[in-house]
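Morning, everyone. Please have the sequence and the model open while I talk.

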Amino acid sequence: MRFSRKTLGIPYAVFLLLFVVAPLLVLFYYAFTNGKGEFTLQNLTDFFTDPNTLGTLAYSLAIAAVTTAVCLLIAYPVAYILATSKLKAKSVIIMIFVMPMWINFSLRITALKEILTLVEGNLARYPFLNSVIGMTYDFLPFMILPIYNTIVKLDGSLTEAARDLGANDRMAFLRVTLPLSLPGIISGISMVFLPAMTNYVVLDMLYNSTYIMGSLISSYFAAFNWHGGSMIALVLLGIICLFTLLSDSGDEKTARTGGALL
Amino acid sequence: MNMKRVFGIMLLAALLAGIAAPATVSAAKNEVVLRICNWEEYIDLGGWEDEEVIDLESGDIFGENSLVDDFAEWYEETYNIPVRVEYSTFGTNEDLYNMLTIGDVYDLVCPSEYMIMKLMSEDRVQPLSDSFFDENDENNYYIQGVSPYIRNIFETHDINGVTWDKVAAGYMWGVTGFVYNPEVVSEEDASTWKLMENPEYVRQITMKDNVRDSYFAAIGAMKSDLLVSEEFTGDENYAENLQNEMNDVTQETVDKAQDYLQRVKDNLYSFETDSGKADMITGKVVANYQWSGDAVYTMDQAEEDEYYLNFAIPQECTNIYFDGWIMLKSGIAEDARKQHAAEAFINFISRPDNVVRNMYYIGYTSTISGGDDGRVFEYLEWNYGAEDDEEETVEYPVSYFFSDDPEDENYVLTVPAEQLQRQLSAQYPSGEVIRRASIMVYFNEEQSEMINRMWIRVRCFNITSVPVWVWILITAVIAAGVICHFRRKAANDKLYS
């Protein structure tokens with residue numbers, strides 16, 4: 001029996017077919033049909049004419065944008081300081097940041113709920129703020145890790161060269177380190193922004209009664225409207241694709257400008 | 001060997017394994033397979049501590065093993081046919097319906113009354129067989145023991161001319177109301193649906209996160225004045241009128257309910273699916289809209305920490321609900337052996353000692369009163385009856401449930417006075433409460449669509465409520481971003497040219 005390298009790919013190909021391609025096809029089928037199984041674009045037009053879905057989209061985008069911004073503001077300095085410091089135990093410190101991920105997600109949010117109740121008294125008064133705090137808590141490691149990995153691999157001689165050519169610390173950071181760490185920032189953003197739009201469990205657990213995209217989809221399913229729900233999921237998928245395409249083209253550009261800096 | 005052949009062999013192996021596995025199992029024994037789907041945590045799973053034994057005078061009742069296992073053992077002993085129960089659970093009625101739609105097959109399921117009605121109207125329910133109603137068969141515990149009160153409701157409600165009792169056997173029932181902390185909320189405030197809008201308890205009350213319960217509560221609050229007026233309650237057709245008012249789904253009422261719920265949303269702590277009980281016990285909220293069974297559970301749990309909560313049933317009306325066992329046509333598939341096992345399961349869990357085990361374990365109220373077997377009432381006395389040295393006691397009649405005669409004096413409990421606001425009032429509401437109980441009917445597709453849309457509108461962020469300055473700010477930020485981008489691009493182009 002000839003054993004080619006391609007054979008090793010079979011398990012994943014099967015996985016891909018069963019759990020990625022097949023569900024997607026089902027999603028497309030439901031999104032573009034009505035209750036009688038006929039082809040229709042009604043669900044699509046419904047999405048973009050219904051103020052509720054648009055409102056929910058706006059609200060989800062707002063939560064996701066604020067969460068991402070807060071994550072970035074916290075994560076970048078931490079990643080930068082860690083990556084550039086001369087500490088020997090860097091990996092241990094990074095592990096401390098990642099460690100919360102080893103604990104079950106709902107346990108962590110339950111703990112957070114108690115802490116926030118102690119601080120705020122009544123959680124229900126600040127639903128938006130609490131949602132952002134919960135999401136930040138949940139997604140922060142996903143922002144720190146890619147940025148840290150990018151910065152730690154940067155060639156230190158580049159910043160040295162910048163200094164030799166007369167740049168001060170601030171200039172060297174803004175003109176060299178920051179542009180070169182952009183790929184890490186972008187992958188961090190895409191790992192935080194998109195889940196934050198749909199992770200409604202955090203909102204539920206922290207008593208935010210306003211729907212975001214994830215809860216809207218599940219409410220459609222609870223009302224047996226599989227077609228409308230699938231369309232919302234599909235539109236979300238479209239947004240994700242658009243976002244990925246944009247960040248890819250951004251990547252290419254940084255590669256070019258980064259190269260030019262040499 | 002090429003790729004195709006490797007793949008082919010793997011496929012073949014998988015297929016063979018698939019065919020072989022069930023064949024060997026079912027061929028080995030001539031057993032009946034019964035597929036049951038029930039609510040989560042809705043049956044006694046056994047494993048009680050020794051001190052949990054319920055020592056009634058007629059004998060001890062103790063949950064050693066799961067009732068599901070006990071059934072399999074009992075069935076084989078009684079009918080000499082081996083049975084294997086495949087027991088699974090669902091989270092909400094809607095989940096169950098979706099599971100059935102996807103193609104999951106069950107023989108026996110236990111949804112709530114409105115879902116039973118929906119499934120009945122879709123002709124998916126297998127009627128119970130005639131022998132199930134034979135009161136002379138000693139193993140027919142259900143028909144011997146079902147409460148006259150429940151039996152009457154099941155016999156007087158129908159879908160397309162088929163009364164409920166022909167297809168469904170009641171399992172648990174209850175009413176809705178508020179669990180509240182008596183140190184903060186007065187009994188008077190808690191005894192109305194208007195509690196939701198009471199500004200005194202702003203952000204301290206949780207509601208159920210589902211459209212049917214919220215809609216019912218909203219109607220109860222909106223029509224409060226009408227529902228409590230003497231004119232309305234004194235009418236000879238009170239029960240019928242009440243049911244019509246509470247199931248009003250005209251466009252006008254739905255719109256009003258939407259306005260109402262949108263308004264009270266900001267006065268509530270939150271709409272909760274599961275957290276209400278825990279938040280009530282930990283004191284995060286002072287009142288929680290609850291199904292009576294969960295209310296009993298909440299009060300029991302709080303009591304363990306010496307924290308005492310009360311239960312109040314709104315004066316306007318309350319929603320009486322049922323969960324019942326139905327057999328599905330797709331599962332039974334006219335297999336008489338299977339149907340027999342399914343009906344035997346209903347009978348087995350309706351046997352009074354098993355009823356007591358279930359009630360003790362899950363806190364809900366069984367539809368079984370026991371008939372000639374007094375053990376259910378005995379359990380009530382054991383559980384709630386006043387001790388001899390109790391100072392303040394009251395008489396609490398529950399005859400409407402246990403007897404054909406609502407004045408029957410054999411079914412009067414003597415209980416501590418505080419029980420009028422505690423577990424007993426939730427588990428067995430008084431006859432007075434029962435008078436203002438209304439079921440919530442099954443809405444047709446158009447009506448369901450209407451209230452579902454209403455609910456989504458209540459829950460979604462209203463985009464028109466965004467103030468103008470936010471839009472201006474967002475536009476400014478985007479414009480600034482675009483301008484920066486083009487300026488940098490121009491600068492870069494200059495650099496490379």
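Some ground rules. This is a predicted model, where local features need pLDDT of at least 70 and side-chain atom pairs count only at pLDDT 80 or more, while totals for chains, interfaces and linings use all residues. Residues are numbered from 1 along each chain as its sequence is written, and chains are lettered from A and ligands numbered from 1 in the order in which they are written.

Chain A. It has 12 helices and 0 strands. Helices (H or I, at least four residues) and strands (E, at least two) are DSSP runs, numbered from the N terminus. The C-alpha trace of chain A spans about 70 × 65 × 45 Å along its principal axes. Of its 262 residues, 31% are buried. Buried means 20 or more other C-beta atoms within 10 Å of the residue's own; exposed means 12 or fewer, and partly exposed is in between, with C-beta atoms placed from the backbone.

Now the helix pair. In chain A, the axes of H7 (residues 156-164) and H8 (residues 169-180) come within 10 Å and cross at roughly 140°. That makes H7(A) oblique to H8(A). Under 35 degrees would be roughly parallel, over 145 roughly antiparallel, 65 to 115 roughly perpendicular, and the rest is oblique. Which residues of H7(A) meet H8(A)? They are Leu158(A), Thr159(A), Ala162(A) and Arg163(A). On H8(A), the partners are Ala172(A), Arg175(A), Val176(A) and Thr177(A). Contact means C-beta atoms, placed from the backbone, within 7 Å.

Over to chain B, helix H3, residues 93-102. Asn93(B), Leu96(B) and Leu100(B) are buried there. They cover an arc of only 60° around the axis, which puts them on the same side of H3(B). The arc is taken from the directions from the helix axis to the C-beta atoms. What do these buried residues pack against? Strands E1 (32-39), E4 (83-90) and E5 (108-109), plus helix H4 (113-121), of chain B. The face turned away carries exposed Thr101(B) and Ile102(B). Next comes Gly103(B), with a positive phi near 125°.

Last, the interface. 25 residues of chain B are in contact with 29 residues of chain A. H3 is among the elements of chain B that each supply at least two residues to that side. H22(B) gives the largest share, 4 residues.

Note on methods
Two residues are in contact if their C-beta atoms, placed from the backbone, lie within 7 Å. Axes are lines fitted to C-alpha atoms, for helices over the stretch in contact, and angles run from 0 to 180 degrees between N-to-C directions.
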